[in-house]
There are 2 protein chains.
Amino acid sequence: MENIAEEVLKGNRLALAKAITAIENEYDNATEIMQKLYPHTGHAYVLGVTGPPGAGKSTLTDKLAKEYRRQGKTVGIIAIDPSSPFSGGAILGDRIRMNSLTLDPGVFIRSMGTRGSLGGLSHKTADAVKVMDAFGMDVIFVETVGVGQSEVDIVKAADTTMVVLIPGMGDDIQAIKAGILEIGDIFTINKADHDGADKLATELNMMLDLDGVIKDWRPPIMKTIANQNIGIKEVVETFGKHHKHIEENGQLTVRRTERTKNEMLDLLDSRIGQYIRSKVVDTGKLDELVAVIKAHETDPYTEANKIVHDLLK
Amino acid sequence: MENIAEEVLKGNRLALAKAITAIENEYDNATEIMQKLYPHTGHAYVLGVTGPPGAGKSTLTDKLAKEYRRQGKTVGIIAIDPSSPFSGGAILGDRIRMNSLTLDPGVFIRSMGTRGSLGGLSHKTADAVKVMDAFGMDVIFVETVGVGQSEVDIVKAADTTMVVLIPGMGDDIQAIKAGILEIGDIFTINKADHDGADKLATELNMMLDLDGVIKDWRPPIMKTIANQNIGIKEVVETFGKHHKHIEENGQLTVRRTERTKNEMLDLLDSRIGQYIRSKVVDTGKLDELVAVIKAHETDPYTEANKIVHDLLK
C-alpha cells in the first residue's frame with residue numbers, strides 16, 4: 001500500500017489495520033503516518049473501560065458497542081491484552097472477539113499487546129486511538145485490565161472512564177478498588193445478578209462519599225448483566241450525560257489538553273529511549289559497562305550519570 | 001541521620017527504612033547512598049512472587065519467610081502495592097502485614113507504591129533490593145500482582161520466580177495464566193483445598209508441556225494452603241533446588257548479568273526522563289507546545305523529534 005495515511009482517511013479498513021500494525025511494531029513509516037493523520041483527529045469520543053480480571057469487560061464493551069451502533073454511531077475498540085512478556089504476542093487476541101461485531105463494517109476491533117520495551121504501550125495506544133479517530137470512528141473504547149499502573153495510566157487518558165467491578169472477588173480486591181476508585185467517572189457492577197452486588201454497591205458508595213471532596217460530578221454506580229444485555233442502554237445514556245457534563249463545564253478541554261501533554265511526554269520518553277539504546281546497547285557499550293560493574297570496579301549510578309552527561313547537551 | 005549508608009551497613013533498621021524512603025521519593029541523597037552500598041551487594045538471593053489478585057501471595061510470602069527464619073536466615077520482603085494513581089500512596093500498606101513477622105528483627109517488610117511517573121518503579125525496586133542486600137538479608141522476596149507489564153518486569157528480575165495461582169478464577173484468568181507462564185520457575189497453586197485445584201494443575205501441566213521447548217528445568221507445580229501452613233516447607237525446598245540448579249549450570253550468573261543490564265537501562269531512562277522534564281516541563285515549554293499542537297499548527301511527532309534533536313548530542 002503506497003500511502004497508508006491517505007487510505008485511512010478514505011475509510012480503507014485494511015489501511016487502518018496496517019497503520020496500527022506500523023505503530024505497534026515501530027515501523028519506520030509510523031511517524032510519517034501519524035504526522036499525516038494528526039490534523040484529522042479530535043472528532044472521536046474516547047471511552048476508557050477498566051477493572052480487575054474476570055469482570056467481564058470485553059463482553060460489556062461489545063454490548064455497549066452494539067448499542068452505539070444501533071444509534072448509528074461507528075465504533076472502534078482497542079483492547080489492551082495482558083501479553084506474554086517473553087514471546088511478546090497478545091494472548092486474548094482478536095480470536096475471542098470474533099463475534100457478530102466483527103462482521104459490522106461500522107466497527108473495528110484491535111488488540112494491542114503489552115510488548116514490553118520502552119514502556120511504549122501508552123503512546124502506542126494513544127496513536128492507535130488517533131488512527132481510529134482520523135478514520136472516522138465516532139466512539140472509541142480503550143479497554144485495559146485495571147491492575148498495573150501502566151494499564152491504569154492508559155485508560156485514564158480517556159474522555160470518560162468507566163470502572164467495571166463484579167461482586168464477590170478475592171482478598172486484595174479491596175486494594176484494587178481503592179486504586180481505581182479515583183479514576184472512575186462511572187462505576188459499573190457487572191454480573192449484577194450474582195450474590196453480593198448490593199453489598200458492593202453500598203461499599204462503593206461509602207468509598208466514594210468518604211472521599212470528602214465535593215465534586216460537581218458524583219460518579220454514578222450502574223448495574224449490568226452484560227451477557228443478558230441488561231443495563232446496557234442505561235450505561236450508554238450515562239456516558240452521554242458525562243460527556244455533556246464535562247463539555248459544558250470545560251473539563252473536556254482540560255482533560256484533552258492534559259492528555260496531549262502526557263502523550264507528548266510519553267513520545268519523548270520513547271524517542272529518547274530509542275536513542276539511548278542505539279548509543280548504549282547497539283554499540284556494545286552496555287556489555288562493557290556491565291562487566292566492570294559486575295567486577296565491582298564501579299557502580300551503575302556513577303556510570304549512568306556519566307552516560308547522561310555524555311549524551312545530553 | 002548523618003551517614004545513612006554506613007548505618008545500613010552496620011545493621012541499623014532505621015537507616016534501612018530511611019534509605020528506601022530516599023529511593024522511593026527520589027531524595028537528593030539517594031544516589032550517594034546507592035553508590036556507597038553497591039559494593040556490598042550480591043550476597044542475597046532474590047525470590048520473585050507474582051500472580052493474580054486474590055491468590056493469597058502476601059500470606060504465602062509471610063509463611064515462606066517464617067520457614068526461612070526457622071532455618072536461621074534473615075529475610076527482606078518488598079511488596080509492590082497497586083496504588084492509587086492519583087493520591088500516589090500505597091494502599092495495602094504495611095498495615096496488613098502487621099503480624100508476628102514485623103516483631104522479628106531478622107525480617108524487614110517494606111511496601112512500595114506504584115507512584116507513577118517515569119516508570120521508575122522497577123529501578124526503585126531494584127535499588128530497594130540492593131539496600132536490603134547490603135543490610136545483610138539472606139533472602140529477599142519481591143512480591144507483585146502479576147497483571148501489569150511493569151509489575152511482571154519487576155518480578156522477573158528475581159533469581160527465582162514463583163507464580164502463585166488459585167483454583168476457580170474468572171474468565172480472562174486464562175490470559176493471565178498464559179502471560180505469566182513463561183516467567184515462572186516454580187508454580188504454586190495456593191488454596192489447594194478449593195475446588196478445581198487438580199484441574200488447574202492439569203491445565204498448567206498441559207500448558208507447560210505444550211511449550212515444546214526442552215529445558216533442563218521443568219517448572220514444578222506445588223500445592224499450598226498458606227493460611228494452614230500446608231506445603232510451605234516443600235516450596236522452600238524447591239526454591240533451594242532451583243537455586244542450586246541455576247548456580248550449577250551457570251544460569252544464575254547469566255540472569256544476574258541480564259538484571260544488571262536492565263537495571264542500567266532503567267536507571268538511564270529514569271535519569272534522562274528527569275532531565276527532559278527539567279528542560280521541557282519545568283520551563284513551561286510543554287505548555288507552549290501543547291497550545292500550538294491543540295491549534296493544529298503542528299503535531300506531536302514533529303515537535304518530539306525537534307526536542308530530541310535539541311536535547312541530545
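Contact means heavy atoms within 4.5 Å. The model is predicted, so local features need pLDDT of at least 70 and side-chain atom pairs count only at pLDDT 80 or more, while totals for chains, interfaces and linings use all residues. Residues are numbered from 1 along each chain as its sequence is written, and side-chain values use heavy atoms, with hydrogens and water left out.

**Exercise 1.** Find the residues that Val131(B) is in contact with, leaving aside neighbours within four places in sequence.

*Solution.*
- Step 1. Within chain B, the partners of Val131(B) are Val8(B), Leu16(B), Ala19(B), Ile20(B), Ile23(B), Met34(B) and Leu37(B).
- Step 2. A nonpolar core is a set of buried Ala, Val, Leu, Ile, Met, Phe, Trp, Tyr and Cys residues joined through side-chain atoms within 4.5 Å. Buried means under 20% relative accessible area, exposed over 50%, and partly exposed in between (1.4 Å probe, protein chains only).
- Step 3. The largest such core has 100 residues, and Val131(A) and Val131(B) have the most contacts inside it.

**Exercise 2.** Is Thr224(A) buried or exposed, and which side chain does its own side chain meet in a polar contact?

*Solution.*
- Step 1. Helices (H or I, at least four residues) and strands (E, at least two) are DSSP runs, numbered from the N terminus. Thr224(A) sits in the loop between β7 (221–223) and α9 (232–248) of chain A.
- Step 2. Thr224(A) has a relative accessible area of 0%, so the residue is buried.
- Step 3. A polar contact is a pair of N or O atoms within 3.5 Å; within protein, one must be able to donate a hydrogen and the other to accept it, and residues adjacent in sequence count only if both atoms are side-chain atoms. The partner is the side chain of Asn190(A), at 2.9 Å.

**Exercise 3.** Which residue of chain A does Arg277(B) meet in a salt bridge?

*Solution.*
- Step 1. A salt bridge is a side-chain nitrogen of Lys or Arg within 4 Å of a carboxyl oxygen of Asp or Glu.
- Step 2. Arg277(B) pairs with Asp269(A) at 3.0 Å, N to O. This pair crosses between chains, with Arg277(B) in helix α10 (residues 251–281) of chain B and Asp269(A) in helix α10 (residues 251–281) of chain A.
- Step 3. Arg277(B) is buried because its relative accessibility is 19%, whereas Asp269(A), at 25%, is partly exposed.
- Step 4. Arg277(A) and Asp269(B) also form a salt bridge, at 3.1 Å, N to O. Arg277(A) lies in helix α10 of chain A and Asp269(B) in helix α10 of chain B, so this pair joins two chains.

Terms used: Chains are lettered from A and ligands numbered from 1 in the order in which they are written.
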